[in-house]
Amino acid sequence: MAISPQTLAFVFGLLGNIISFMVFLAPLPTFYKIYKKKSAEGYQSVPYVVALFSAMLWIYYALLKTNATFLITINSFGCVIESLYILLFIIYAPTKLRFQTAKVIFLLNVLGFGLMLALTLVLAKGEKRLKVLGWICLVFNLSVFAAPLFIMGKVIKTKSVEYMPFALSFFLTLNAVMWFFYGLLLKDYYIALPNVVGFVFGIIQMILYVIVKHIGNKSRIPVKDEKAAAPPQLHELSEQIIDAVKLGTMVCTELNPVPVTVLQPNMDVVDAVVEAVIDNIQKKKDQDIITN
C-alpha cells in the first residue's frame with residue numbers, strides 16, 4: 001500500500017521540528033563559553049538576529065496558510081530561544097557591539113517587520129498576500145542560511161573553528177533536507193527552495209571545519225619540542241654570563257697577578273657590561289611577548 005504525500009509530509013514535518021529544535025539548541029556551547037568568559041568579544045550577533053526575524057516571518061506566513069501547524073510550533077520556539085541568545089549576547093558584549101546589535105534589532109526586527117506587516121495587510125489581500133509573504137519568507141530564509149558566511153569568513157581569517165561549532169553546521173544541513181522534502185510534498189516551494197541553498201551552505205561549513213581543524217592540528221608543536229625550542233630564562237642567562245666573567249677574571253688574575261686596587265675598576269666595568277646585557281635580554285623578551 002502506497003504512502004500518501006500528506007502522510008510523508010507529516011513525517012518530514014515532525015522530523016523537521018525535532019531537528020530544528022536541536023538546531024536552535026546547537027549554539028548553547030558557544031553561549032556557555034560566553035557566559036564562562038563573561039565576554040562576547042569575537043562573536044557575532046547577526047546570525048541570531050536574522051534567525052529571529054525569519055522565525056517571526058514564518059509564524060506570520062503559517063497563520064495565513066492553512067495546515068501549517070509544524071511551522072507555528074517550531075518557529076514559536078525559535079523566537080523564544082533566539083531572543084534569549086541575543087539577550088545573553090547583549091549582556092556580555094562590549095559597549096560597541098551592544099549598540100550595533102541594538103541597532104540591527106531595531107532596523108530589522110522592529111522597523112522592518114512592522115513595515116512589512118503593514119504593507120502586506122494594506123496592499124495585498126487573500127491569495128496574493130500569501131504569495132507576497134511567501135517570497136519575503138523565501139528571501140529571508142536564504143539570509144538565515146547565508147548568515148553563517150560571516151562566521152566562515154572569521155574562521156578563514158583566524159584559522160580557528162572556535163566561532164563555528166560543527167554541531168550547528170551538521171544540524172543545519174540535516175534540517176535543510178527535512179524541510180526540503182516537507183515543502184516538496186506539500187508543493188510549497190517557498191519552503192522547499194531555500195533549503196536547497198541551506199544544504200549546500202551546510203556542506204561547505206562542515207568541509208571548512210574539517211580543513212581548518214586539520215591545519216590547526218598539524219601546526220601545533222609537541223610539548224617536548226616546545227620545551228626544547230624555548231629560549232633560556234632570563235635569570236639562567238644572567239647567571240651564565242656572570243659565571244663566565246668570573247671565570248675569565250680568575251684566569252687572568254692567575255696568569256698576570258695585579259694589585260686589588262687596579263683590579264677593582266675593571267670589576268665595575270664588568271658589572272656595567274653584565275647589567276647592559278641583562279637589560280637587552282629583558283627588552284628582547286618583552287618584544288617577543290608583545291609580538292606573540
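1. Val196, Val197, Phe199, Val200, Ile203, Ile204, Ile207, Ile211 and Ile215 together make up a nonpolar surface patch with about 690 Å² of accessible area. A patch here takes residues with over 30% relative accessible area and no salt bridge, nonpolar side chains (Val, Leu, Ile, Met, Phe, Trp, Tyr) being joined within 5 Å and like charges within 9 Å; the areas come from the Shrake-Rupley method with a 1.4 Å probe, and for residues only the protein chains shown count as cover. One member, Ile211, is found in helix H9 (residues 189–219), where helices are DSSP runs (H or I, at least four residues) numbered from the N terminus. Ile211 counts as partly exposed because its relative accessibility is 45%, given that buried means under 20% relative accessible area, exposed over 50%, and partly exposed in between.

2. On provenance, this is a predicted model, in which local features need pLDDT of at least 70 and side-chain atom pairs count only at pLDDT 80 or more, whereas totals for chains, interfaces and linings use all residues. Residues are numbered from 1 along each chain as its sequence is written, and side-chain values use heavy atoms, with hydrogens and water left out.

3. As to confidence, the protein chain has a mean pLDDT (the predictor's confidence in each residue, from 0 to 100) of 78, and 72% of its residues reach 70 or more.

4. A search of the whole structure finds one salt bridge, defined as a side-chain nitrogen of Lys or Arg within 4 Å of a carboxyl oxygen of Asp or Glu. The partners are Asp188 and Lys65, whose closest N and O atoms are 3.2 Å apart. The pair links distant parts of the chain, 123 residues apart, with Asp188 in the loop between helix H8 (166–185) and H9 and Lys65 in the loop between helix H3 (46–64) and H4. Asp188 counts as buried because its relative accessibility is 4%, while Lys65, at 21%, counts as partly exposed.

5. In helix H2 (residues 28–37), the buried residues are Thr30, Phe31 and Ile34. Seen down the axis of H2, these buried residues fall within an arc of 90°, so they line one face of the helix; the arc is that of the directions from the helix axis to the C-beta atoms. They pack against H3 and H4, and the face of H2 turned away from the buried side carries the exposed residues Tyr32 and Lys36.

6. Two lysines deserve a look at their backbone angles. Lys38, in the loop between H2 and H3, has phi near 60°, a positive value in a residue other than glycine, and is partly exposed with a relative accessible area of 46%. Lys159, in the loop between helix H7 (148–158) and H8, also has a positive phi of about 60° although it is not a glycine, and counts as exposed at 57% relative accessibility.

7. Finally, Asn109 is found in helix H5 (residues 95–123) and is buried, with a relative accessible area of 7%. Leaving out residues up to four places away in sequence, Asn109 touches Val49, Leu52, Phe53, Met56 and Val104.

How values were computed
Buried < 20%, exposed > 50% of the residue type's maximum accessible area, 1.4 Å probe, protein only. Contact = heavy atoms within 4.5 Å.
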